[in-house]
Amino acid sequence: MLSRNQKFTAIQGDVELTAEISPCVFMYPGYGLQLTVKLPNGGNTIVARKDIPIETATEQDCQALMETVKVLPCKTCQKPAFDPSTCRTNRDGECESCFMAKLNAEFEKDMKKEDDKLKRDDAKYKARGYTHRVHAWIHPPSGSDYELMMWMINPTPEQITAELKKKKSADTTDYKLIEL
């Protein structure tokens, strides 16, 4: 019988992949064999054989499943990356570092754009006589939470609470008061 913390290795060219049995196979009856495979430079993928019950899976089944994962050079930096034609990955042939660098750059660009818009809005409302921005999270009793920006003139905690109650927020304390 396979154990929860059992590890496996496979060599793809000059890259050593490591894998372990995914915890979910022990948590859900009839889940099937699933491995989490990792690259030495970061990143992981999942490979599965749902037709092999964990109760009857062998080390050879795990090794064979792991061997289905192929590695190719990252299309950006040449470090090892998962071959998307052999496993589930949204990295599209890039290593974890290159993928995350692009993702972080995109995030930073979006955050700067959002911050710039907020600065323009603050300036616009300040010119109209508003003194504060209330940055709040609305927590409706049922449904999804959402972010709310309100510009107010010298607001009191009671005024802010009243506005959040109008929005049907279950928590009227989840806000920040920013002076313009």
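Let's start with the polar contact between the side chains of Ser 22 and Thr 36, at 2.9 Å. By polar contact I mean a pair of N or O atoms within 3.5 Å, where within protein one must be able to donate a hydrogen and the other to accept it, and residues adjacent in sequence count only if both atoms are side-chain atoms.

A quick word on the source: this is a predicted model, with local features needing pLDDT of at least 70 and side-chain atom pairs counting only at pLDDT 80 or more, while totals for chains, interfaces and linings use all residues. Residues are numbered from 1 along each chain as its sequence is written, and side-chain values use heavy atoms, leaving out hydrogens and water.

Back to Ser 22, then. Is it buried or exposed? Ser 22 is buried, at 2% relative accessible area; buried is under 20%, exposed over 50%, partly exposed in between, with a 1.4 Å probe and protein chains only. Ser 22 sits in the loop between β2 (15–21) and α1 (24–27). Helices (H or I, at least four residues) and strands (E, at least two) are DSSP runs, numbered from the N terminus.

Now, salt bridges: a side-chain nitrogen of Lys or Arg within 4 Å of a carboxyl oxygen of Asp or Glu. That rule gives 9 of them. One of these joins Lys 7 and Glu 20, 2.7 Å from N to O. The pair connects distant parts of the chain, with Lys 7 in strand β1 and Glu 20 in strand β2, 13 residues apart. Lys 7 is exposed at 57%, whereas Glu 20 is partly exposed at 25%.
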